[in-house]
Amino acid sequence: MTSSSSTPATADGNGDGGRRHGEYKVPGGKLVVADLVVDNGVLSHVSISGDFFLEPDEALPEINRALTGLPADSPAADLAAAVTAALPEGTVLFGLSAEAVAIAVRRALAKATGWGDHHWNVIAPTVLPTHVNVALDEVLTEEVGAGRRNPTLRFWDWEEPSVVIGSFQSVRNEVQPEGVSRHGISVVRRISGGGAMFMEAGNCITYSLYLPQTLVDGLSFADSYGFLDAWVLAALEKVGINAFYVPLNDIATDQGKIGGAAQKRLANGGMLHHVTMSYDIDADKMVEVLRIGKEKLSDKGTTSAKKRVDPLRRQTGLSRADIVAAMIEVFTDRYGATPAELTDVELDAARARVEAKFATEEWLHRVP
């Protein structure tokens, strides 16, 4: 479980001497703790500690000295670079990294946050048109970024068969027009990147996380994917699936890919992390609807798109509802989340955005 805390002082830049404390648990690693003071806008009395391993011993005071005197508004990349530059030749780090130290410092400064710094909500599956589900991703990300909604986990539900393509994908290159017409498929473009999703009622488990970007402050784009889905890997383990991340954004088991993630970061500080996992996909219909070329399969270790879809139903024997319930339970237990619902204002805003954007030909074909 990832844990964190930050205890900012009451003032900044006035030599107040208030001790600030931040913690970061490295995924799969150790706890890194930063204690420091901000004195006239710069870091002082910096002390890095934790249950990590570091050789030689002299590297730790060098890390502290490297951070001392840096501007308190230094971005994580600058903090990590200063730590790296200060490490004696041959330094070995076990369970930590320069980037982890930077995150702990940023949390002490209340520039970065951890899961425990937020009150999380969970919205259970609600059947909505696919266009509305896509529009809600934009609306709710904006709401979290603006501070009008708590960070939220929302599970999708839908009835009509759909293909949801990534923000930067070409309609022409991703969709088979004949199959779409024959099977009555709605084609929708979402705001996040990534690949196309073939979605029939009950054949996928899809969820969206709406969060402040402070939660991933200091993490690379690549590392943020696994970090934000650590809870779901634990939930899958709970139902008997040993899942892992395959960079950049695939969730897999030793039997094949089961899902993929996509993200979008907004200018107001909100962030969307979106995941679809296959539950019981009709692989024959999928290849009639989607164009899945050899190049896309070239690094997946398979020559067949059908083999890339490995449904959760076969691996668990559980109903889709039971798997979703296990996911909600794990997320709730880990992060103290509470149930919530979509508001009428949010739904009205999403429907308005469908009309103005997501159902328009201009949006759908913005990449022909």
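Visitor: Why is the contact between Asp217 and Arg106 called a salt bridge?
Guide: This is a predicted model, and in it the closest N and O atoms of Asp217 and Arg106 are 2.8 Å apart.

Visitor: What makes Asp217 and Arg106 a link between distant parts of the chain?
Guide: The two are 111 residues apart. Asp217 sits in the loop between β12 (204–212) and α7 (221–228), while Arg106 belongs to helix α3 (residues 98–108).

Visitor: Are Asp217 and Arg106 buried or exposed?
Guide: Buried, both of them. That label needs a relative accessible area under 20%.

Visitor: Why is Glu138 called buried, and why is Arg353 called partly exposed?
Guide: Set each value against the cut-offs: buried is under 20%, exposed is over 50%, and partly exposed is in between. Glu138 has 10% relative accessibility, so Glu138 counts as buried. Arg353 comes out at 21%, so Arg353 is partly exposed.

Visitor: How do you know that Glu138 and Arg353 form a salt bridge?
Guide: Their closest N and O atoms are 3.0 Å apart, and the rule asks for within 4 Å. Glu138 lies in helix α4 and Arg353 in helix α14 (residues 344–358), so this pair ties together parts that are 215 residues apart in sequence.

Visitor: Which residues make up the network of salt bridges around Glu138?
Guide: Glu138, Glu142, Arg353 and Lys357 are linked in that network. By the same rule, the count for salt bridges comes to 15.

Visitor: What makes Arg351 and Asp348 a salt bridge at 3.7 Å?
Guide: The 3.7 Å is the N to O distance between their side chains, and the limit is within 4 Å. Both residues lie in helix α14, 3 residues apart, or about one turn of the helix. As for cover, Arg351 has 40% relative accessibility, so Arg351 counts as partly exposed.

Visitor: On to the strands. How do you know that β9 and β10 pair?
Guide: At least two bridges are needed for a pair, and strand β9 (residues 162–165) has 4 to β10, running parallel. Val164 stands opposite Val188 in β10.

Visitor: What makes β10 and β11 edge strands?
Guide: The sheet is open, with 3 strands in the order β10-β9-β11 and mixed pairing. β10 (186–189) and β11 (197–199) each pair on one side only. Neighbouring strands of this sheet are turned by 20° against each other on average, direction ignored. Helix α4 (residues 130–145) lies across β9 and β10, at about 5° to β10.

Visitor: Which order do the strands of the 8-stranded open sheet follow?
Guide: The order is β13-β14-β15-β16-β12-β8-β7-β17, with mixed pairing. Its edge strands are β13 (244–246) and β17 (338–339). Within the sheet, strand β8 (residues 152–157) pairs with β12 in the antiparallel sense over 4 bridges, and Thr152 stands opposite Tyr210 in β12.

Visitor: Why is strand β15 called mostly covered?
Guide: Of the 10 residues in β15 (residues 256–265), 7 are buried, each under 20% relative accessible area by the cut-off. Strand β14 (residues 250–253) joins β15 through 4 bridges, antiparallel, in a hairpin with 2 residues between the strands. Asp250 has Gly260 as its bridge partner in β15. Strand β16 (residues 270–278) also runs antiparallel to β15, with 7 bridges, and Ala261 stands opposite Val275 in β16. The hairpin of β15 and β16 has 4 residues between the strands, and Gly269 takes a positive phi near 95° there.

Technical notes: Residues are numbered from 1 along each chain as its sequence is written. This is a predicted model: local features need pLDDT of at least 70, side-chain atom pairs count only at pLDDT 80 or more; totals for chains, interfaces and linings use all residues. Side-chain values use heavy atoms; hydrogens and water are left out. Axes are lines fitted to C-alpha atoms, for helices over the stretch in contact, and angles run from 0 to 180 degrees between N-to-C directions. Contact means heavy atoms within 4.5 Å. Buried means under 20% relative accessible area, exposed over 50%, partly exposed in between (1.4 Å probe, protein chains only).
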